[in-house]
Amino acid sequence: MPSNRKFWISIFSAAAIFFYLLFGNPFNVEPTAAKVLAIGGLMITLWVTEAAAMPVVALLPLILFPAMGIATIDETATPYANPVIFLFMGGFMIGLAIEKWNLHRRIALNIVKVTGTSGDRIVLGFIIAAGFLSMWLSNTATTMMMFPIAASVITVMKDNDDGKGSIQNFAVTIMLAIAYAANLGGIATIIGTPPNVAFAAFIQKKYNYTIEFLDWMMICLPIALLLLTALYFVMVKWMYPNKIASSDATKKMIHLEIKALGKIGKAESRVLVIFAATALLWITKDLINRLGVIALNDTMIAVMGAVALFLTPSGEKNPEEKFVLQWRDTTKMAWGILLLFGGGITLANQMEKAGLIGMMGTWLAGFSGSGGFILVLMIALIAVFLSELMSNVAQVIVFAPVIAGMADVLTINPLLLGIPMTLGASCAGMLPMGTPPNAIVFSSGHIRLKDMLKVGFVVNILSVILIALFCYYLVPMIVPELK
């Protein structure tokens, strides 16, 4: 709990920012836009200072938007039932079942056995795995699969801690690793993350040009690989060194614990089947959808997996455990994260409706006279940091026409401006609501907001620089001018 002095300073600071943006209107925006900005400033200040629980702050739009005449209660509440919320819920329930029946421990022990017991090597293994998977799966699905495994690895390392390293730093880095690696790996391919697909669809519709899969990879794969490498060194060598050395004693203990688990039980095997089937559907949903028999998306698949857990008999003799997952098990679920993400989506929606996003595009156009590289750099910078507050898909959908119109007026290749805008939308790392993977790992309890702010800021800056450099020099060489 914050001290009384810190608490009141935070509250007064948030109130001062709110009233300044509302009545001072420093950006000379329309009254409705000023109200939205004021509420945004209030929420962000409360989030950053941790004056109140983050899910509680996320509920403020339900009070302030209708009370201040910005939106009706129906309009305000709708984003709290956004499909991504149910995607989280389904994934969390699958994670609960994996943990309940100790499947996570079996997987984690075997991962540690393969990667070795050095803290750095384990983190690197998770970065490589999450980064690679995210090139072909959505970053959210990747994180959903890796999250319960990472949580169990932390538990295993704690159980075998010899006190010579920092388990706390290890826990922070492995959780941030799967979220950031999933975000950054997804930019490497055109199917890796929804913003890439949304931008490619926009370009096809507006310019009748199909961005080739290989062309995208030639530009974006080097960026992703460099960012993943930088992520490893920033976290484990600079900000959060764990200094957990590999030891023969720990290796022996891991081997004994794997042996002690014995054969996989009925309930555990059924959870594994449902988990594997859910992951397989996430991987193959596009192929299934092309058959035209059924239309699937990530949210439907996650909820299907969760429902299956509640309907599948556990096979255990204990009458209180009739099914693999019981509703009482959900008391352990991170419900607050669902509210947190809903509040972030609601705020972003009203920013868009108030015209603040369009104003930002007009402001960006002012940098066109400073030279091409400065414009690309500014677009990447705005895209990365705006994505901390706005859905990355919504950001691309809103900004793509703005960027394209600006490029046409300036007679610049729209891909030169559009690709950095799209990539930047997937790189937000400072706030839990920045991307779904950020929210998922924040729910673990191992990460404090200041940890995410610190590492995320460095990752954001590196992302801006590398995206701007690679796009500015490679896009003209690889893709044609669009008209």
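Is Trp 327 buried or exposed? Trp 327 is exposed, with a relative accessible area of 55%; exposed means over 50%, buried under 20% and partly exposed in between, using a 1.4 Å probe and protein chains only. Welcome to a predicted model, in which local features need pLDDT of at least 70, side-chain atom pairs count only at pLDDT 80 or more, and totals for chains, interfaces and linings use all residues. Residues are numbered from 1 along each chain as its sequence is written, and side-chain values use heavy atoms, leaving out hydrogens and water.

**Aromatic pairs**
- The structure holds ten aromatic pairs, counted when ring centres of Phe, Tyr or Trp (its six-membered ring) lie within 6.5 Å; planes under 30 degrees apart are stacked, over 60 edge-to-face and the rest tilted.
- Phe 19 and Phe 23 are stacked, because their ring centres are 6.1 Å apart and their planes are at 5 degrees.
- Both of these residues sit in helix α1 (residues 4-24), four residues apart, or about one turn; helices are DSSP runs of H or I with at least four residues, numbered from the N terminus.
- Phe 19 is partly exposed at 45% relative accessible area, while Phe 23 is exposed at 64%.
- Trp 327 and Trp 335 form a tilted pair, 6.4 Å centre to centre with 55 degrees between the planes.
- Trp 335 is partly exposed, at 35%.

**The nonpolar core**
- Ile 174, Phe 199 and Ile 419 touch the most other members of the largest nonpolar core, which has 165 residues; such a core joins buried Ala, Val, Leu, Ile, Met, Phe, Trp, Tyr and Cys through side-chain atoms within 4.5 Å.

Key: Helices (H or I, at least four residues) and strands (E, at least two) are DSSP runs, numbered from the N terminus.
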